[in-house]
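Q: Can you walk me through this model, a piece at a time?
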Amino acid sequence: MNAGKRNARDAALAGAAVEQSLAADHIPPASRKMLWRERIFKALLIVSLLVGMAVLAILVIDVLSDGLGTLNLSFLTSFPSAFPKNAGIESAITGSLWLMAICAFFVIPVGVAAAIYLEEFADRRRWWNRLIELNIQNLAAVPSIVYGILGLAYLVRGPLDLGRTVLAGGLTLGLLVLPVVVISSREALRAVPGSIREGAMGLGATRWQAIWYQVLPAAIPGISTGAILSLSRAIGETAPLIMVGAATFIAFNPTGLNSAFTALPLQIYNWLSSPQAEFKILAASAIIVLLMMLVAINSVAIIIRNRYEKKW
Amino acid sequence: MSQAGAVKAKADATASVFARSRPRYGELVIRASLVIAALITVLTTVGIVFALASETISFLGEVPLHDFLFGTTWSPLFEPPSYGVIPLVTGTLLTTAIGMIVGIPLGVGSAIYLSEYATSRTRKFFKPILETLAGVPTVVFGYFALTVVTPWLRKIGIEVDAFNALSGGLVIGILIVPTIASISEDALSAVPQGLREASFGLGAGRFQTSLRVVVPAAFSGIIASIVLGASRAIGETMVVLLAAGQRPNLTLDVREPVETMATFIAATGKGDIPTGSLDYKTIFAVGALLFVMTFILNIISTWVVNRYREEYE
Amino acid sequence: MSPAHDDSTGTSTMDADANTPSPSHEPVHMQTPALNEHMTPKPEAAEKIFELTDVSVRYSGKLAVKDVTVGIGTKQITALIGASGCGKSTLLRCLNRMNDLIPGATVDGSVKYRGQDLYASNVDPVQVRKRIGMVFQKPNPFPKSIYDNIAFGPRVLGMNKDRNLDEIVENALTRASLWDEVKDRLDESAIGMSGGQQQRLCIARTIATNPQVILMDEPCSALDPISTSRIEDLMNELKEQFTIVVVTHNMQQAARVSDMTAYFTVEVAEDDKRYGRLVEFAETETIFTNPSDQRTEDYVTGKVG
């Protein structure tokens, strides 16, 4: 090492040492600059969370102040009308309930079965099982409008040719939330400890018996929470229903699977795109109803989760 | 299964008490139905790809690929029609870009707060708010953009049109905050505690530890969350349909109305267009483009997330 | 025996730093004797850098260690030993307020550093940790280059404003006797180093911030015997400039490296709750050859775990 550099470093070290020894005896309070930097950074982070909260608050206040006035029993029990003061959402509510029922009827058995396969039977070393997993992860992020195209091409028209029926709408929504149900059911199954499976199989149960009598019952709270949350997502969806051609001017409740239908979010969309200001107010009223339905559904999920969820 | 095989071999050799009484057909049927359920998810993807591809190929038989991808006028309903998708793509990218400018700082900021600063009490307060935000239907966000944000923009002196890219983009930004925040928070929380302790032990503050140690260590996960957020923003339909209008508009002026790929699909799909018509096929062609764009982003994001999960597990 | 250092700190710190081993300095190989025989100030005579009085630590109300009163001498190695759960790591983490990072942790009693109460309201824990660095049980290098690992501390503390960062890095690595092994691959990720190298890197990283005290929480428990012996050699060298407090579950290690030893034990309260207590604090030689408490004797002679 050359001498010049060495001297320079020794000098630097000595300098540092003096500074250090002076400071060493007493620990000063936090430097003002550091303190402010910490405060500002933390404040910015909190603000970023508060923005989301503020949007929610403003949204709710705005919807309530616009829509509460026209929200009454006749609004809930009337059919759509060209005249704002006669218009209501009965057919939209029943349509949404039909959609939810059809969706649940399709997606819960299929989603849970797929989850059981992937979690309990599938060998992750096989490429096709990994592909199924990857595919589900990807499907969960496909835009909902694309599901609408799928529904239009294969359910409404094309091979199944169901027409613009509530069945086509419910199945389209079912396909849309299927990945969500599979993913949440798998998490619920995974949370059941392996010792339960081993315990059952150690008593001579077959693999399926272990799943059916032990694992599945233990996972049901988790599975139902996930399924209910995915249904709440399904009834809030609009874009796919536009594609499968749910009409908005439906002055009757669905009478069966082949019935034409409308739905709450669709009715809201339709009223919002109307130029008349009165209809925008009706949209706000309908949003209150939709949000209340979602709150109710989510509360059920939360109650189930809190009451039945086991900590292993 | 090897276990069953072993039992069977023994049964053949000795006819012992371990011999299987009868084949378990019931279990086979059950297993087959489970596999079928899993295959429905694959079938969904195949269906999407096949539907989009077949109609798109047919569309490209009538409109040259070059005109579709690089044409700068989108006017399928005019005479003569023009099918240049560029205005729809720029409209999409414009609202997405505005959304990302809002969504990235808010989402990542929320995640850093929740993972590095929040006590268990503040987490219990803030997490449900993010979850609620994620659960609000997009049509409701569309209402918010149209009836709250646009009037506010005008009030603060931004002369926006009644339908404009800015308010749609801003609300998309809010919409993707929960997506970005939750995945980023997972990534930040997965950073080993030892790294934080090392940093604090060296006299770094929380601010420095968060930005110089934890965020860099979780960087790939944060990127994945942003990519997924972008994918959601690109595919978002209702907010833009309600707030940004339906005018194919090759512009960077955020005060003007724009049409995005998703809003074109929804607006066209709404009408009763005949199967097999060129208008019908445009839905699929634009849908295919949208699907490819979001698919690439989703795959990148999934790949990155799976990779860092393996790293820490 | 008279103190080797005059502990009117100012000059001695300066001397120590000015005599920093240069890169060409050969690491001194010790033949790790059964008991530490190096030139050290007689333990009793050393000036106390820490004075703990009746220190108790609770996690969310649950007592972890109770009523510890102990003084830790400047430029000595003090070992904290005892069975697991005896609160030795908890106590160590009081000394630089690392416990602050655990929600619900509370510290009662007084922890004085050079006469100043570390838990006074106007004391900034970040400033505390600048002076009292820490090395952890498991090597925890940042997933960055070797260089950036060392440079992290000086950068966040703003030390690079008046000193050349390259010099700081070289100096710290040299003092941790790691320079020769890594000087050609400073840009490579620290994750690729061996466990022992990683731990020495973590020590170098701490040295680079120029602390007064280095706390070590079972620094060798994740390492093989050869790496362990290198770290022990390193500790003996570092004692020239730093006060070291080391938690160890390895009694031989305490015997080999430390000047003073504190033995902790687990006590069971009437309600069956367990907490740690200090049994005996004395010169290491006394603890291992002539302990005054029967429990200490049982522990060091291997009668109890």
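**Sheet and contacts**

A: In β8(C), C:L80 has C:V247 as its bridge partner. This is a predicted model: local features need pLDDT of at least 70, side-chain atom pairs count only at pLDDT 80 or more, and totals for chains, interfaces and linings use all residues. Residues are numbered from 1 along each chain as its sequence is written, and chains are lettered from A and ligands numbered from 1 in the order in which they are written.

Q: How many bridges join β3 and β8 of chain C, and do they run parallel or antiparallel?
A: Four bridges join strand β3 (residues 77-82) of chain C to strand β8 (residues 243-247) of chain C, and the two run parallel. Strands are DSSP runs of E, at least two residues, and helices are runs of H or I, at least four, numbered from the N terminus. Two strands pair if DSSP finds at least two bridges between them.

Q: What order do the strands of the sheet in chain C take?
A: The order is β5-β4-β1-β2-β10-β9-β3-β8-β7-β6 (chain C), ten strands in an open sheet with mixed pairing. Its edge strands are β5 (116-117) and β6 (132-135) of chain C, each pairing on one side only.

Q: Changing topic: how many residues does each chain give to the contact of A and B?
A: Chain A gives 68 residues and chain B gives 68 residues, where contact means C-beta atoms, placed from the backbone, within 7 Å. Helix α2 (residues 32-67) of chain A supplies the largest share of chain A's side, 18 residues.

Q: And the domains of chain A, what are they?
A: Domain 1 (29-69) and domain 2 (71-308), with bounds from an automatic or database domain assignment. Their centres, taken over C-alpha atoms, are 33 Å apart.

Technical notes: Two residues are in contact if their C-beta atoms, placed from the backbone, lie within 7 Å.
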